[in-house]
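Trainee: I have this one open and would like to go through it with you. Where do we start?

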Amino acid sequence: MNTISDVPEFHEGDQVVLANGTYQGTPGVFLHLREDIKWADITERNGGVREHPVEWLSHAA
């Protein structure tokens, strides 16, 4: 089980990629954490904003 301390720190504007989950490999830009800090909003390349579990995010290479 992951804890919040196991998850990398993200800042607004960071380039991210979904490393896990259904949309694995989807690139985006980190916007912010949601009220539930285990979830974050990211802007995807098509301009849409989606929420994903923070533990699924990784910094883009």
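Mentor: Start with Gly13, which touches Val29 and Phe30 when residues up to four places away in sequence are left out. Contact here means heavy atoms within 4.5 Å. Before going on: this is a predicted model, where local features need pLDDT of at least 70, side-chain atom pairs count only at pLDDT 80 or more, and totals for chains, interfaces and linings use all residues. Residues are numbered from 1 along each chain as its sequence is written, and side-chain values use heavy atoms, with hydrogens and water left out.

Trainee: Where is the place of Gly13?

Mentor: Gly13 lies in the segment before S1. Strands (E, at least two residues) and helices (H or I, at least four) are DSSP runs, numbered from the N terminus.

Trainee: How exposed is Gly13?

Mentor: Gly13 has a relative accessible area of 42%, so it is partly exposed. The cut-offs are under 20% for buried and over 50% for exposed, with partly exposed in between, using a 1.4 Å probe and protein chains only.

Trainee: Let's step back. How many helices and strands does the protein have?

Mentor: There are 0 helices and 5 strands. Read from the N terminus, the elements run β-β-β-β-β.

Trainee: In what order do the strands form the sheet?

Mentor: The order is S4-S3-S2-S1-S5, in an open sheet with antiparallel pairing. Strand S4 (49–53) and strand S5 (57–59) are the edge strands, each pairing on one side only. Two strands pair if DSSP finds at least two bridges between them.

Trainee: Over how many bridges do S1 and S2 pair?

Mentor: Strand S1 (residues 15–18) and strand S2 (residues 27–33) pair over 3 bridges. Gln15 stands opposite Val29 in S2, and Val17 stands opposite Pro27 in S2.

Trainee: How many bridges join S1 to S5?

Mentor: S1 and S5 run antiparallel and are joined by 3 bridges. There, Val16 has His59 in S5 as its bridge partner.

Trainee: And what joins S2 to S3?

Mentor: A hairpin does, through 5 residues. S2 and S3 pair over 5 bridges, and Gly28 stands opposite Glu44 in S3.

Trainee: What do S3 and S4 form?

Mentor: A hairpin as well, with 4 residues between the two strands; Gly47 in the turn has a positive phi of about 90°. S3 and S4 run antiparallel, joined by 5 bridges, and the bridge partner of Asp41 is Glu51 in S4.

Trainee: New topic. Which residues are in the largest nonpolar core?

Mentor: The core has 8 residues: Phe10, Val16, Leu18, Phe30, Ala40, Ile42, Val54 and Leu57. S1 and strand S3 (39–44) are the elements that give two or more residues to this core. A nonpolar core is a set of buried Ala, Val, Leu, Ile, Met, Phe, Trp, Tyr and Cys residues joined through side-chain atoms within 4.5 Å.

Trainee: Which residues of S1 are on its covered face?

Mentor: Val16 and Leu18 are on the covered face of S1, while Gln15 and Val17 are on the uncovered one.

Trainee: Val54 was in that core list. Where is Val54 found?

Mentor: In the loop between S4 and S5. Val54 counts as buried because its relative accessibility is 4%. The C-alpha atoms of Val54 and Trp39 are separated by 5.1 Å, at 15 residues apart along the chain.

Trainee: What about His52, buried or exposed?

Mentor: Buried, with a relative accessible area of 3%. His52 is in strand S4.

Trainee: Which side chain does a polar contact join to that of His52?

Mentor: That of Glu44, at 3.3 Å. A polar contact is a pair of N or O atoms within 3.5 Å; within protein, one must be able to donate a hydrogen and the other to accept it, and residues adjacent in sequence count only if both atoms are side-chain atoms. Not counting residues up to four places away in sequence, His52 touches Leu18, Tyr23, Lys38, Trp39, Ala40, Ile42 and Glu44.

Trainee: Last one: what percentage of the residues count as buried?

Mentor: 25% of the 61 residues.
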